[in-house]
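Trainee: Could you walk me through this one while I have it open? I would like to go chain by chain and then look at how the chains meet.

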Amino acid sequence: MNMINKEPERHEIEALLPWHAAGTLSRRDADRVERALADDRELARRYDLVREELTETIHLNETLGAPSARAMEKLFAAIDAEEARSPRRRRSLDLGSRISEFLSSFTPRTLAWSATAAAVAILLQAAVITSILVKEQGTPGGPSLASAPSEGSFAVVRFAPQATATDITNFLGAYKATLVEGPLNVGGHLYRIRLSDTKLPQDEVGKIIRQMQSESKVVGFVAAKD
Amino acid sequence: MQSKSDEVLIGRIATGDRLAMQVLYARYHVRVFRFVLRLVRDESVAEDLISEVFLDVWRQAGRFEGRSTVSTWMLAIARFKALSALRRRPDEGLDQEVAGAIEDPADDPGIALEKKDKGALLRKCLTGLSAEHREVVDLVYYHEKSVEEVAEIVGIPENTVKTRMFYARKRLAEMLKAEGIERGWP
């Protein structure tokens with residue numbers, strides 16, 4: 001591997017690495033970065049540092065929790081007060097529009113195929129889990145538990161942009177993992193998967209996570225989640 | 001595409017559709033909360049601020065022109081509100097380095113043990129960045145904003161966004177070095 005000869009160009013490419021890691025570069029810039037990374041070992045090493053930062057920034061933000069119901073109550077009380085003072089004109093939407101919006105809520109902000117594939121996979125898996133639970137329990141009360149389980153060991157994963165539905169299905173199958181919730185974030189890329197029905201020892205979870213992290217063709221980010 | 005779906009919601013909110021407001025809130029409140037919380041470092045203040053952010057969305061939906069995505073627009077509103085709140089609290093300077101946020105591990109065996117975990121130490125240093133650096137790092141890595149979108153949210157030129165990100169990462173490397181982690185960069 002050779003270093004990029006032109007230092008200004010190398011500097012320019014290096015400045016783009018954080019956005020390349022986050023998958024927010026244009027196709028043209030992403031291709032430029034990919035070519036540079038293939039030719040420049042030092043740049044590739046620095047890219048690994050960027051990926052570390054990205055992983056830990058996501059981890060840090062995911063541990064921040066969520067606002068209490070108080071924030072929503074306060075918001076809608078304020079909206080009600082405003083509406084009481086000066087109501088706005090309302091209009092209804094037809095069924096088609098409502099269905100369209102409902103379906104669009106399952107799709108990601110970007111055109112990333114992986115998120116779409118994962119959204120399809122989660123629906124399929126939820127259906128399968130639901131049918132199994134209904135069959136086993138003999139009651140229709142299980143499905144809601146199946147879609148948001150609390151028992152077991154879990155991880156948060158972001159699938160690689162190039163991952164297909166087959167890749168994701170095979171990946172989950174290989175680790176006997178189940179897609180249980182997602183997308184968790186607004187960008188539509190993070191999904192919660194169940195690694196095991198039972199609570200695994202921390203070192204065992206760490207081992208599984210490390211193995212998953214090595215599957216960079218399918219997974220862009222993965223971390224344990226309580 | 002979620003951005004298109006967001007625009008549909010904003011269109012409905014502009015006509016006073018409360019349900020659309022609930023959907024938008026459900027979709028974004030956690031993310032906006034975390035963005036604000038990382039800036040103001042106070043959960044109670046952050047909760048108050050997200051109510052204000054979404055109330056502004058309710059009020060201004062009719063003026064949304066779609067020149068940016070809805071999430072970028074909301075993060076820009078959130079940032080403005082967070083900075084206004086920080087100005088009301090002079091003890092939380094905007095560019096103040098929060099070196100104190102990084103505890104000295106020497107006195108605490110628990111921290112010393114944690115230090116072995118590079119990831120934990122990296123997260124600790126991320127927490128210790130200045131507000132200016134924290135926000136650019138979060139916007140790029142967590143909120144998945146492009147150079148153009150960060151420029152719009154923060155209100156700075158695109159080249160400044162790249163420079164600021166570079167210096168944020170450089171500062172992070174320095175903080176890690178001070179904690180005994182040499183990354184060989186910059």
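**Talking through the model**

Mentor: Let us begin with chain A, where residues 24 or more positions apart account for 64% of the contacts with a separation of 6 or more. Keep in mind throughout that this is a predicted model.

Trainee: Okay, and how many helices and strands does chain A have?

Mentor: Chain A has nine helices and four strands, and from the N terminus on the elements run α-α-α-α-α-α-α-β-α-β-β-α-β.

Trainee: What share of chain A counts as buried?

Mentor: Of its 226 residues, 33% count as buried.

Trainee: Let's zoom in on helix packing. At what angle do α1(A) and α3(A) pack?

Mentor: Helix α1 (residues 7-22) of chain A and helix α3 (residues 41-62) of chain A pack at about 35°, and their axes are 9 Å apart. The crossing of α1(A) past α3(A) is right-handed.

Trainee: Which residues make that contact?

Mentor: From α1(A) the contact is made by A:R10, A:I13, A:E14, A:L17, A:P18, A:A21 and A:A22, while α3(A) brings A:L43, A:R46, A:Y47, A:V50, A:R51 and A:L54. Sorted by class, this contact of α1(A) with α3(A) has nine nonpolar and four charged residues, with no polar ones.

Trainee: Switching to the interface, how many residues of chain A are in contact with chain B?

Mentor: There are 44 residues of chain A in contact with 48 residues of chain B. On the chain A side, α1, α3, α4 (69-85) and α5 (95-104) each supply at least two residues.

Trainee: Which helix gives the most to that side of chain A?

Mentor: That is α3(A), with eleven residues, and the residues of the side of chain A that touches chain B divide into 20 nonpolar, eleven polar and 13 charged.

Trainee: What happens just after α7(B)?

Mentor: There B:E144 takes a positive phi of about 55°.

Methods
Residues numbered from 1 in each chain as written. Chains lettered and ligands numbered in written order. Predicted model: local features only at pLDDT ≥ 70, side-chain atom pairs only at ≥ 80, totals over all residues. Buried ≥ 20, exposed ≤ 12 C-beta atoms within 10 Å, placed from the backbone. Contact = placed C-beta atoms within 7 Å. Axes fitted to C-alpha atoms, helices over the stretch in contact; angles between N-to-C directions. Left-handed = near helix turned anticlockwise from the far one by under 90°. Nonpolar A, V, L, I, M, F, W, Y, C, P; charged D, E, K, R; others polar.
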